[in-house]
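Dear colleague,

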Amino acid sequence: MARVTAGGNTVYVENLADAFLPQNGDVEILMLADARLDETVKVTGGNYTLDLNGQTIRSGLAADPAVLPYPDLFYIEKAEMTIQDDSGKGCILSEIEPKGTCINFGDLSKFLFSGGTIRGFGTGISIEGGYWPNISWARVTGNACIQSTDIGINV
């Protein structure tokens, strides 16, 4: 499903969530096939680069109004994350109805989105953390697209 390189070591993972285990240093993740995430992936510590490589990461999460009405596909805190896709065909897709968030940021997060598509029914990118001095930031450049039926970017 994905090739993960960290600290000079390369491993292959079948469960994409395993690629985001807390790391120190730089982690490069190259998608080799489409993936489905059935739980929120929490990204903490380290610097992650996710290359969609033309693949789709699809949410299998279900909204539960009593427990988790607006689930996140990715939750990033105290980490740096770059998402890129040179082909422009890669996609992070959240089909959670009525609403969900593709990528949600807590405190001390840095995000660069430079290629591919983030698409969902709810919010594409949400930066909830960020009160001084724990600021977070996001930058969208290049061949990147955010599509949402509700909110594209929530700051």
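Rings of Phe, Tyr and Trp (for Trp, its six-membered ring) are taken to pair if their centres lie within 6.5 Å, and a pair is called stacked if the planes are under 30 degrees apart, edge-to-face if they are over 60, and tilted for the rest. By this rule, four aromatic pairs are counted.

In one of them, the centres of the Phe-20 and Phe-74 rings are 5.5 Å apart and the planes stand at 70°, so this pair is edge-to-face. Because Phe-20 sits in the loop between β2 (9–13) and β3 (26–31) while Phe-74 belongs to strand β8 (residues 72–77), the pair ties together parts that are 54 residues apart in sequence; strands are DSSP runs of E with at least two residues, numbered from the N terminus. Both Phe-20 and Phe-74 are buried, where buried means under 20% relative accessible area, exposed over 50%, and partly exposed in between, with a 1.4 Å probe and protein chains only. Ring pairs also link Phe-20, Tyr-48 and Phe-74 into a cluster.

Phe-111 and Phe-113 form a stacked pair, with 6.2 Å from centre to centre and 15° between the planes, and Phe-111 and Phe-113 are both buried.

Ile-153, in strand β15 (residues 151–154), has 49% relative accessibility and therefore counts as partly exposed.

Please note that this is a predicted model, in which local features need pLDDT of at least 70 and side-chain atom pairs count only at pLDDT 80 or more, while totals for chains, interfaces and linings use all residues. Residues are numbered from 1 along each chain as its sequence is written, and side-chain values use heavy atoms, with hydrogens and water left out.

Key. Helices (H or I, at least four residues) and strands (E, at least two) are DSSP runs, numbered from the N terminus.
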